[in-house]
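Visitor: Could you walk me through how to read a model like this one? I would like the general idea, then the case at hand.

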Amino acid sequence: MNIRYRYLRDKVILAVIVALTLTVVIPLAIIIVYVIVNGISAINIDFFTQELGSPSRAMLGRPTGLMHSIIGTILIDLTALVIALPFGLATGIMMSEYPEHVFAPIARLLTSTLNGMPAVLMGLLAYALVVKNTGGFSAFAGSCALAFVMMPIISKSTESILKITPWSLREAGLSLGLPRWRVTLSLVFPAARGGILSGVLLAFARAAGEAAPLMLTSFGNNYLTLSMSKPMDTLPQRLYSLAISPYRNWHAMGWAGAIVLLLFVMLTFLIGRITVQNMKRKARRLSNNT
Amino acid sequence: MKADSELSKKTALHSTIPAIYRSPGDKVFKLIIFTLSSAIVLLAAAMAIILYIEGRPAFRAFGHASFLSNTVWDPVAGIHGALPFIMGTLITSFGALLLAILPALGVAVFTTEFAPKGLAQIINYMVDLLAAIPSVIIGLWGIFNFAPFMREKVYSPLYFWATEHAPGLLPVLGAPSNYNLTTATIILALMIIPYTVALSRDAIAMVPQEQREACWALGATRWEVMSVAVLPYAKPGIIAGVLLSLARALGETMAVAMLIGNSNRVPFTLFGPAATMPSVIINEFREAVEHLHYSSIMAVGFYLFVLTMGINLVASAIQRKLMLKKGIS
């Protein structure tokens, strides 16, 4: 084959690859710019201090906002985190610190398959388990659904972070005569704390953007409520109902909600991502030194 | 692998060491950890069992085979067949996969082999960020920006062109509606690209450096290194990644429910509305007052579970095989 032809082919293929990369990156930029531009023009102080109320409230031009959705999101998501955290962390510890146990491969398989499960199924499960048995849609049922979403994510990220903490650390502890549980809790866990926290943060961000499971469980509410046993509003599901509503004012409010949700999710994502990457770099340096 | 053998040596030692190591602490800790982590098994089992139990009235009324093969879904008449939604899910998911594969591979190859390190990192960040954008926000953008744009600038001109020059195409295209199958498929492709990219990136990064160096030493160009030494080696990993992305696409709910138009009248047309399994769950669940309707939706959920579970299991089997191969070599 002609060398000039080969070089030419190399260049053509590079051009194709760059073009393909652009087709991925450009829509992303469009979405983010579009949300930010529309959101900024729609956001105002009422958005954070008023509740939505009935549609006529927006039609008559009275102040409306999504304060109740923001508060609801925080309440439901934090409750979900509290429920999911012990189970997720324990599974992560089990998979990385007791890999010789027969249970570990099963848990690993189920964790990764549950990670790929559609979140809407978690909503159906929480409906059948909680809503049906407690007699109505409630914020608590929503928290359970989101906890189901978070659990496998937390255990997977905890496992992968614990796995990259150097084995020499455990060996040092064990050689000092520490029992395994002390090694895990006093040596491995503190060393991996930053990474574990950011993994939890990523799980939180992921669940905070989920609308589907909440629509089947916490249902939504146009007014503010702080009771976990009543239907409660959350930002993602409110965005859905605003977007499909026929009112122009509500569409604008949807954009304002979208920018708040997007900024929150992007921020937690970036913090989590940067911490995990620093952890990995540190771990690599440590393992190179030894 | 090394860690495993070291640990098993440690546990072998465990039985012969003095009492201080056999303090109850270890046992208690292990008990707590294992009790808590059995929740993940319970969760998976509960999903299978409860979705099945809740869907059982529908299975009893229609039978599994006719529930899956009936094209009529009419809650008012009490007839429920899931075929339109299964078809919608398969069409949109495989369509999205076809659309997503090339760009995703392009990004993965570009960032791992071609781009300077800084640029690669920025692109990786952006692609991962795309995965973090909530589905409902992408749906919002689709409703107000993408769908109207596509209808005006793409579907309608194409449709009018077809009426004049290729009337045979019309039954396939269908009258362009605002929310339709093609829009949902394109959006779905955009949403699964990050997963495909991330997983094929990992697969390409696992290819040993020697493999590339040998090829360079033979005087290969960059693309030849890629096509001869790297991609064949990474192929099983990429296939597993594509399967996992497919599972994502099957279960993607909000954006699709917002953009597909929600019509269960088969046959679907390219520019006409359709429905998928997740979208019917979202759209009809809250209005399902009839018991049969409710349990039919649960039954759709059960089959969605079976579908995604199956694909996930196949993908992780491929990945485990890969890990083993890597461990041995």
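Visitor: How many residues does the contact take from chain A and from chain B?

Guide: First, some conventions: this is a predicted model, in which local features need pLDDT of at least 70 and side-chain atom pairs count only at pLDDT 80 or more, while totals for chains, interfaces and linings use all residues. Residues are numbered from 1 along each chain as its sequence is written, and chains are lettered from A and ligands numbered from 1 in the order in which they are written. Two residues are in contact if their C-beta atoms, placed from the backbone, lie within 7 Å. Here the contact takes 74 residues from chain A and 77 residues from chain B. On the side of chain A that touches chain B, the largest share, 18 residues, comes from helix 1 (residues 3-42) of chain A. That side divides into 57 nonpolar, 11 polar and 6 charged residues. Nonpolar covers Ala, Val, Leu, Ile, Met, Phe, Trp, Tyr, Cys and Pro, charged covers Asp, Glu, Lys and Arg, and the others, Gly among them, count as polar.

Visitor: How many helices and strands does chain A have?

Guide: Helices (H or I, at least four residues) and strands (E, at least two) are DSSP runs, numbered from the N terminus. Chain A has 12 helices and 0 strands.

Visitor: Why does I259(A) count as buried?

Guide: A residue is buried if 20 or more other C-beta atoms lie within 10 Å of its own, exposed if 12 or fewer, and partly exposed in between, with C-beta atoms placed from the backbone. I259(A) counts as buried because it has 21 C-beta neighbours inside 10 Å. I259(A) is found in helix 12 (residues 248-289) of chain A. Leaving aside neighbours within four places in sequence, I259(A) is in contact with V35(A), I36(A), G39(A), I40(A) and I43(A).

Visitor: Which residues touch the most other members of the largest nonpolar core?

Guide: A nonpolar core is a set of buried Ala, Val, Leu, Ile, Met, Phe, Trp, Tyr and Cys residues joined through C-beta atoms within 7 Å. Of the 181 residues in the largest one, those touching the most other members include F148(A), L239(A) and I137(B). Helix 8 (residues 181-205) of chain B gives the most to this core, with 16 residues.
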